[in-house]
Structure formats: structure tokens, C-alpha cells
Amino acid sequence: MSPINLNRAHMPEQEPNIRAHNFAEVNTGLTPELAKQEAARCLFCKKPTCIEGCPVHINIPHFIQAILEDHPDEAVRRIRVDNSLPAICGRVCPQETQCEEKCVLAKKGAPIAIGALERFVGDHAIRACILPDMSNVRANGRKIAIIGSGPSGLTCAGELIKFGYAVTVFEALHELGGVLSYGIPEFRLPKEMIVKCEIDTLKNMGVQFVPNAVIGKIHTIPELQDMGYDAIYIATGAGYPTFMNIPGEDLNYVYSANEFLTRVNLMQAFKGDQSATPIYIGKRVAVIGGGNTALDSARSALRLGAEKVYIVYRRSEAEMPGRAEEIKHAKEEGIDFQLLTLPLEYLSHPNGSVRAMRCIRMELAEPDASGRRKPVPIAGSEFEFQIDSAVVAIGTQANPIIAATTPGLETNKWGYITANESGETNLKNVFAGGDIVSGSATVILAMGAGRTAAGQIHESLNSAK
Ligand code: FAD
Ligand code: SF4
């Protein structure tokens, strides 16, 4: 038996000083040799703890075995049993707190690079055009409407089409993909090569997409039911911006992260002067928040040409909810982390645009309701610094439009739709999942909810026959 190898294969990436000035993907992916080398480290445990750490319980050693045996097509087949979007999850899942944290090798050294191997398999499926096998699927004569084309809606669509339903996805925006398209930037998740390809796979399987269709405006849910849809899955996400409600937030060039990233990604402001809708950020940009959205905004601002970009976060790095890899990459690229710092107000130029930010330093006290140590202000530590623009990335909320136009649909006190573990709402044959039920969470949890709801829709419609 060969000795345990505790060192993982290194994911090739662009150099920090180069990538900080372009929107091309930071990580360039494992080569087949590196993937095989990494797969060879797996112990193929009898009780694989990595699977327990995965929210959708992907059979991780099963697909790693196929990589090791040089059968990438088989690895695709195996991973797709539990995950229909591996090229996306391999790039964006917080593996360090999920499967990789639970890998037995993590106790002594580097866990298996499960995310990198998942990405390798997902990319192989795209490159080799391996489509899911639909040869045994027979149309069952029933139709389903899905509202929202983010990861939850896409996953639900992919599952239902395999059961033989006619599936139509209604999307409010002109581009499909939800946060995968308008939120997560190109340098983390390439749109043409990955997101569009995954959506094209669904189109090839027969899923119909209707973009520019705001449900609640063009049709309501009762109208969709009248149009003959047997069941409806609501997957509208939580894209409504939140602000701190501090003085000066209404100044020019104080953006919500939602607006900023949508303009950079979807409206292609990253093309600079060649974009029809460029965005002004100036030389000094402050981004408020510590999650993936804040990190994505800060790193996008750097790539748009800002000379100095600050992350302003009221807790310490240990409490930052962003992916570990993104925090590491942001630091390497030169983002200035102003930790334990709370913005108090934005100060204005005479013309109404922002010129500075007044903040106060914080210290950590006892853990609060979220289990994280509570930040409290340090008296007398207020200070000011000059900025030309700011991006507020402190979280999002539910968009109220569906609840407001669907009589009787139950929501909780924050406006999120109430659904049980199977995705059933209080209305017959109306299901919901992803961020619109859980609040802002992760891609894999949104996908898991979509898959569970698809199973429940199938069961409910068949038991109702
Ligand atoms: P969304 O992805 O929000 O999709 C909802 C879709 O519904 C949107 O396309 C929206 O336009 C559409 N819609 C809304 N209302 C209507 C309507 N009335 N009619 C029709 N369509 C409608 N998670 C991770 O796991 N890893 C990460 O690295 C990560 N980074 C992130 C970075 C950013 C900038 C953001 C904002 C989020 C990030 N997340 C990350 C979180 C993750 O993207 C979300 O949890 C996930 O996308 C939720 O999926 P969803 O399908 O529920 O909703
Ligand atoms: Fe392989 Fe780690 Fe999973 Fe064991 S726990 S099967 S070593 S990935």
C-alpha cells in the first residue's frame, strides 16, 4: 500500500498582478495529469465522510475513482446522478466548509481538492458535449411552469424534463442564469463557456425558456394555472438590495452591490469605453460587507481600473462569510481589508457625489444570535477616509412581487415564501425553493431545493391521478 500523500495538486491560476487587471478566469483548471494525480490521493474510504459534508450527498469517491481510472465520461455520468451543474459547483461551492472540511485527510494535511476535481469533470462534460441520456424519456402530457432561471429553477427544470414533463422557465431578465449570470463575475465563473453551455444543455433536453417575463406583471400565478400549467415552482431568489440606512447612502456613486454587479456583468460595463452602459467608480472604492458579494464587487472594481479598493467589514476575518479562496485571492490582488470597521455616514462633494466615508473601529464581544462574536464600537475611534464611490454589499431580501400577486400564498415575516422540506407551499401544486424560501444561501442549496421539489412535484401529480 502506498503512503498517504498529504499534499494536494496545485490548481494553476493567473498571477495576481496580471489577473487584477483582467476579467479572465483566475483559476485555469486542473490538467488531466494533475486531476489524476489528485484523484490518486483519495483513500476511497469505506465510510466516506466527504459525502456527509456535501449538502446534496454527491457520491464523491465514486466519481473520483473514474478520474483515477481514466474514464472521464463515466465520471460525468456518476456525478450527474446527484448534481446537474458540476462545472458551476466545482467553481463556486464553499468546499472548505462542506465536503473538503469532512475529508479524513483534512485531519493531517490538505484534504482532497474535491471542488477542483468536480470542476474538472464538469468542464470535461462541456468540452466533450456529453448530454444527459434522454432516450428513455416519454412525454407525459403535463406541463410545469418554473419562475426564475437561477440554479434552483434550472435544476428543477432539468429533473422534471427527465420525468417527461413539458417544462417552461419564465425569467424576468433578458439573460438566463440568475446570480450565476448577473452576480458572480466572469473571473470566477465564465458566462459563455460555462453558464450558457449548462443552459444550452437544458435547451437541448427540451426545456423552454421565456426571458423578459416578470411573473406578477405579464402573468400571475393564478393566470399560469388557467393557462394549463399543472404545477408551478417559484425560484425567484432573493435579489432585492438592502442598505444600512445611514446618512449619505443616497449620494451619487453609492451603489447597491446588486446594481453594481448587474451593470458590470450583465450590462457588460467590464468592457469599459466599449460598453453602451459604462459605470463610474473613480480611483478609490469602498465596498461594505464581508461575503462573496462584497469580495466580487471589490475585485470587479479593481479590474475596472480603481487604484485603491477597500473592503470595510464590521467583524474580523474569521467571521467573514465569503469563500476562503476568494478572500485569499482578494488579498493577493491587493484589496485593502479594513476589518472591525463600521461605516457611520457618507460625506458629499457640493455636487452631490460621495467624497468620503466616516467610520468607527469595532471590537468583538460575546457571540450574538448568529453564533458569531458581536462587534461593538470603540468609543472615540471615528475616522474619515476619501473615496470616489462605494458599493453596499451587506445582503439582500425577498422581492415581494410574487407574494403580492398570488392570493393566499403564505410568506414569513421577512417576506420569504413558506415551504416545507419538499418545497410544498400552502397552495395546491405551487412549490417554492432556493433563496426565495431560505433567504440568501448557496448555489448548491438552491440546486438541492430544486431537485427535491422536482421529485415532490412528480409524486404529487402522480398521486393526484
Ligand atoms: P437566483 O440565482 O437569485 O435566481 C433567481 C432568478 O429569478 C433570477 O434570474 C431573477 O431575475 C428571477 N426572478 C425574480 N423574480 C422573478 C419574477 N417575478 N418573474 C420571473 N423571474 C424572476 N453561492 C455560492 O454557493 N458560492 C458563491 O461563490 C456565491 N457567490 C455569490 C456572489 C454573489 C455576487 C451573489 C449575489 C450570490 C452569491 N452566492 C454564492 C449565492 C448564490 O448565488 C445564491 O444562493 C443562488 O444563486 C440562489 O439561487 P436561486 O435559484 O434561488 O436564485
Ligand atoms: Fe476520498 Fe477524502 Fe472522501 Fe475519503 S473522505 S473518500 S479520502 S475524498
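Me: How many nonpolar, polar and charged residues are in the shell around ligand 1?

Reply: By class there are 18 nonpolar, 12 polar and 5 charged residues. Here Ala, Val, Leu, Ile, Met, Phe, Trp, Tyr, Cys and Pro count as nonpolar, Asp, Glu, Lys and Arg as charged, and the others, Gly among them, as polar. A heads-up: this is a predicted model, where local features need pLDDT of at least 70, side-chain atom pairs count only at pLDDT 80 or more, and totals for chains, interfaces and linings use all residues. Residues are numbered from 1 along each chain as its sequence is written, ligands are numbered from 1 in the order in which they are written, and side-chain values use heavy atoms, with hydrogens and water left out.

Me: Thanks! Which residues are the closest to ligand 1?

Reply: Val-92, Glu-171, Arg-188, Ile-215 and Asp-435. A residue joins the shell if one of its heavy atoms lies within 4 Å.

Me: Which element gives the most to that shell?

Reply: That is α14, with 3 residues. Helices here are DSSP runs (H or I, at least four residues), numbered from the N terminus.

Me: And what surrounds ligand 2?

Reply: Its surroundings include Cys-42, Cys-45, Cys-50 and Cys-103. That shell has 9 nonpolar residues, 1 polar and no charged.

Me: Switching topic: is Ser-460 buried or exposed?

Reply: Ser-460 is buried, as its relative accessible area is 14% and buried means under 20% (1.4 Å probe, protein chains only). Ser-460 sits in helix α18, residues 443-463.

Methods: Helices (H or I, at least four residues) and strands (E, at least two) are DSSP runs, numbered from the N terminus. Buried means under 20% relative accessible area, exposed over 50%, partly exposed in between (1.4 Å probe, protein chains only).
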